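Please look over the sequence and the 3D structure shown below before reading on.

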Amino acid sequence: MLPLMITAIENDDDRQLAAELYTRYRAVMLRQAGSILKEDDRAEEAVQEAMLRVIRHLEKVRMIPENERAYYLAAVTQTAALDLYRRRQREQQNTFTGYDESLDAPGPAEDGPMELLLRREQAVLLRQCVALLPQRELDILNYRYLLELPHKEIARLMGLKPEHVRMLLTRAKRKLLLAYREKGGTDDE
């Protein structure tokens, strides 16, 4: 049975792709999550979280060759499972100490109109800077930060060594920051 989040997708092509990915790779994703979380219900939760991440980036998933999608889904599931594991560890630690870190975080309700306008301007400026990057650097940034792939997986997809991926990521981020500064952005944003 398909999760509700997949059936709620409005676009027929996207819904069909998400359903196909889920049914085809669910067992692989469960094994990956189960190897980290060691509990079936937590593993299922990690698979659901991974599918949400995949659904958010279906246009990127379409660009991944079919024979490499299992690796991608396993990597996304691993990240989701690790996130759940860390979150659970923090909750247990906070319960033990009585500390609630959510009290420290400012919420969207605290942001005034000026802060929202400033964030929107920063986002537009950042989009302009990203558009200046060469396609290879854009791809490597997308793999790392949008698809959340580890360096080894990016290296495999791009036919590079993991050390080279790290170097390219550093250079791309440096170029992006330089372009951002040249267009008027500041480091404290």
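## Basis of the model

This is a predicted model, in which local features need pLDDT of at least 70 and side-chain atom pairs count only at pLDDT 80 or more, while totals for chains, interfaces and linings use all residues. Residues are numbered from 1 along each chain as its sequence is written, and side-chain values use heavy atoms, with hydrogens and water left out.

## Overall make-up

The protein has 9 helices and 0 strands, where helices are DSSP runs of H or I with at least four residues and strands are runs of E with at least two, numbered from the N terminus. Of its 189 residues, 33% are buried, meaning under 20% relative accessible area with a 1.4 Å probe and protein chains only.

## The nonpolar core

The largest nonpolar core holds 47 residues, and those touching the most other members are I6, L21, M29, V54, Y72, L73 and L149. Such a core is a set of buried Ala, Val, Leu, Ile, Met, Phe, Trp, Tyr and Cys residues joined through side-chain atoms within 4.5 Å. α2 gives the most to this core, with 10 residues.

Beyond its neighbours within four places in sequence, L149 is in contact (heavy atoms within 4.5 Å) with Y72, A75, Y143, R144, I154 and L157.

## Helix α2

The buried residues of α2 include L21, Y25 and M29, and a kink of about 60° is centred on Y25; the bend is the angle between axes fitted to the seven residues ending at a residue and the seven starting there.

Notes. Buried < 20%, exposed > 50% of the residue type's maximum accessible area, 1.4 Å probe, protein only.
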